[in-house]
Amino acid sequence: MYQIHAWSRNLILWAPALVFRTGLYVGPGVDLVHLGLFCLSFSLLPCQGSLGARSLWSKSNPQAQTARPPEFEKGPSLRQRPDNTFLESRGLRLRGLGLGGRQAGRRAEPARGGARPRVLKRRGPSGCPGADCGPGRPGGRRVDMPGVVHILSLLLVPLMLGSGGGLKNAPLRTFKIDYNRNCFLKDGQPFRYISGSIHYFRMPRFYWKDRLLKMKMAGLNAIETYVAWNFHEPWPGKYQFTGDHDVEYFIRLAHQLGLLVILRPGPYICAEWDMGGLPAWLLEKESIVLRSSHPDYLAAVDKWLGVLLPKMKPLLYQNGGPIITVQVENEYGSYYSCDYNYLRFLQKRFHYYLGEDVVLFTTDGAHEKFLACGTLEGLYATVDFGVDANITAAFLMQRKYEPRGPLINSEFYTGWLDHWGQPHSTVKTQVVASFLHDILALGANVNMYMFIGGTNFAYWNGANTPYQPQPTSYDYDAPLSEAGDLTEKYFALRDVIQKFKKVPEGLIPPSTPKFAYGKVALKKLKTVVEALDILCPSGPIKSFYPLTFIQVKQYFGFVLYRTTLPKDCKDPTHLSSPFNGVHDRAYVSVDGVPQGVLERNIVITLNITGKAGATLDLLVENMGRVNYGNSINDFKGLISNLTLGSSILTDWQIFPMDTEDAVRRYLGAWHGYGGKGHHEAHTHSPSEYTLPAFYVANFSIPSEIPDLPQDTFIQFPGWTKGQVWINGFNLGRYWPARGPQKTLFVPQHILVTSAPNTIIVLELEHAPCGDKEPCTVEFVDKPLIGATETWSHVPQDQNRDSKPGRV
């Protein structure tokens with residue numbers, strides 16, 4: 001069954017000579033018998049035809065399966081010097097061991113901004129510049145048998161030193177940067193990644209495999225994901241890592257599908273995500289300086305990293321997982337603090353938890369001012385840019401900070417983000433495909449941001465400045481749509497990738513089927529004011545001046561502020577926020593009569609009427625915290641005093657509202673209950689507004705129809721703005737009155753056929769219900785996220801210039 005090849009028998013005889021020739025100390029307890037048996041174990045090879053020196057060489061050189069290397073024709077010779085390329089090609093990294101007076105794979109650290117020193121190891125005759133830095137191009141010299149002999153002798157070191165660990169501790173997988181050949185080395189072989197961004201927190205776990213498999217079939221060999229701190233620690237010390245929050249499972253799933261992972265754990269991530277992924281509770285210390293070496297911030301970050309990074313360490317490539325590189329912070333050069341001590345702190349903690357071998361990198365816009373503050377010695381500097389950039393100039397800027405090493409565009413923008421009230425952003429397929437081709441033709445590594453965008457469910461969307469919140473859809477005009485559907489852009493980019501590497505064979509998973517369930521009539525339950533005992537069971541917090549959301553520990557959603565009118569307002573009187581202190585929208589009523597809406601940056605004064613002593617209510621909505629730039633410490637609620645005429649309003653009652661708990665536990669049970677309260681007589685107003693109120697309906701999906709439920713989209717004809725839940729799942733915000741998004745994505749996993757499905761809608765401004773007309777929503781099978789008509793009063797996006805390269 002096994003045969004001992006001639007060269008292996010010779011190895012047993014040569015082993016002692018090899019040990020003494022390399023000058024390695026033989027520890028006590030290791031005799032030549034053990035040494036011979038050890039070498040014998042390597043000589044017993046499965047007998048499949050003639051598996052010997054030729055086939056071993058061929059495995060390490062997959063493109064040369066037919067020709068026998070001339071070195072093997074000559075037979076082994078102890079006088080031939082081994083080529084260290086073999087060491088890396090087999091994934092063995094032995095630092096500091098004596099190797100004929102030289103060291104294997106050790107690199108000195110360069111001075112900041114200076115050229116990288118040469119790697120102290122023998123190189124083969126072929127380098128790896130430019131397009132040669134790709135998978136399947138082994139580079140280096142062919143391996144001779146003395147190299148095999150020498151490496152096997154080095155494997156004896158643990159035994160000879162009496163470590164007891166044996167070979168099981170020898171790292172067999174490596175991922176590193178080759179500064180000589182300007183590329184990555186994966187298990188010693190030149191490697192180039194073609195990656196796409198996917199955010200596990202923007203799609204249900206139910207669909208992770210489908211999305212990842214589609215990315216693999218597009219020809220990607222890696223995926224990139226952020227880790228959103230606030231998604232996992234929404235309250236201090238309360239961690240969520242199960243279900244849709246199970247990032248470890250997501251990474252393992254990518255590994256199972258043969259995808260490598262580029263991890264971007266922040267702690268700040270931007271990503272058009274609430275507060276850039278930082279938890280809102282950080283703002284409870286009002287003096288905190290985010291993204292800096294401020295002690296309070298570092299203490300919170302250190303605690304978080306101590307929870308997250310140990311979970312990631314087993315998933316690193318060198319530990320058997322798929323994570324090849326890890327980003328430190330995110331586009332830090334775009335932030336005002338420029339705090340190198342902060343970056344050094346992160347660098348040390350990342351190495352402490354992940355080890356010294358992990359490849360850490362930074363990403364910044366391809367401009368001098370960004371790279372100057374965003375880079376740090378020891379963190380590999382990469383750039384990001386889109387189709388409006390000059391590719392050569394962008395990579396030359398990277399070269400200014402990384403003279404040697406792989407070229408990397410960490411965010412090549414396939415589309416762009418949206419804001420409420422502005423047209424849906426798109427980038428032409430042909431332009432994206434052409435730019436991707438040019439990037440790959442340079443031999444560069446690339447991550448496409450986004451390859452699939454997903455959805456900002458619940459309240460997770462971010463905002464830009466001047467204050468413009470992003471909608472629920474994060475479609476991004478990506479190659480895979482928000483619902484995971486294949487697009488023209490997907491196939492165009494796949495065709496480009498196919499020119500540079502082999503794409504997987506087989507069928508591409510199809511777009512998921514959609515079903516139009518039709519119209520559903522809703523019935524009014526209660527106004528928000530009538531439901532306060534359920535929404536805020538602990539009762540109001542009293543304060544002379546208004547308190548912010550953070551001060552009442554309400555991080556998302558809604559807070560109702562209540563006071564009384566200090567004087568008669570028979571004539572319209574200015575209710576004002578003179579310091580633009582309404583963050584972000586306040587729905588105003590007096591004694592149950594709607595008065596209008598105050599809106600951050602847009603409407604800071606409203607005329608109201610009412611008698612002295614009348615109840616003034618402001619339902620304030622948090623529309624999403626700023627995620628980019630210098631204003632991410634974005635406090636919500638009434639952050640400054642309101643005035644009525646010339647008088648400052650005081651003596652507030654503040655009701656933090658737990659809408660999620662109310663929807664899950666109580667509101668669904670109200671179906672059929674009209675809920676007439678003391679405000680009911682005042683809900684009819686000549687105003688265009690109605691009081692914020694909850695509406696409910698049940699609908700059934702026929703169980704006898706095969707393959708139901710299926711994905712769908714919910715549309716809001718005649719509705720204005722609000723929040724919607726189905727079976728307790730918060731789908732997010734709808735705002736068809738402003739656009740561009742008109743429908744919300746409804747994933748099939750939240751729907752059931754075994755029982756009626758419950759829809760709850762919180763309409764904030766104006767419901768379409770009349771005395772004879774019911775309110776209806778409609779389930780359709782096609783999304784509408786790019787409506788042509790948009791609201792004209794939102795200021796033009798001034799943030800586009802702040803991240804050069806995006807379009």
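## Aromatic pairs

Across the whole structure, a search finds 48 aromatic pairs; rings of Phe, Tyr and Trp (its six-membered ring) are paired if their centres lie within 6.5 Å, with planes under 30 degrees apart counted as stacked, over 60 as edge-to-face and the rest as tilted. The model is predicted: local features need pLDDT of at least 70 and side-chain atom pairs count only at pLDDT 80 or more, while totals for chains, interfaces and linings use all residues. Residues are numbered from 1 along each chain as its sequence is written, and side-chain values use heavy atoms, with hydrogens and water left out.

## The pair F385 and F395

F385 and F395 form an edge-to-face pair, 5.4 Å centre to centre with 80° between the planes. Because F385 belongs to strand β11 (residues 380–385) and F395 to helix α14 (residues 391–401), this pair ties together parts that are 10 residues apart in sequence. Helices (H or I, at least four residues) and strands (E, at least two) are DSSP runs, numbered from the N terminus. Both F385 and F395 are buried, meaning under 20% relative accessible area with a 1.4 Å probe and protein chains only.

## The pair Y517 and F699

The ring centres of Y517 and F699 are 6.3 Å apart and their planes lie at 50°, so this pair is tilted. It links distant parts of the chain, 182 residues apart: Y517 is in the loop between α16 (488–498) and β16 (518–527), and F699 is in strand β29 (residues 693–699). Y517 and F699 are buried.

## Cluster and charges over rings

A cluster linked by ring pairs contains Y200, F201, W208, F231, Y249, F250, W273, W460 and F556. The charged end of R625 sits over the ring of F556, 5.4 Å from its centre; this term requires NZ of Lys or CZ of Arg within 6 Å of the ring centre and within 35 degrees of the ring normal. The charged end of R173 sits over the ring of Y317, 3.7 Å from its centre.

Note on methods. Buried means under 20% relative accessible area, exposed over 50%, partly exposed in between (1.4 Å probe, protein chains only).
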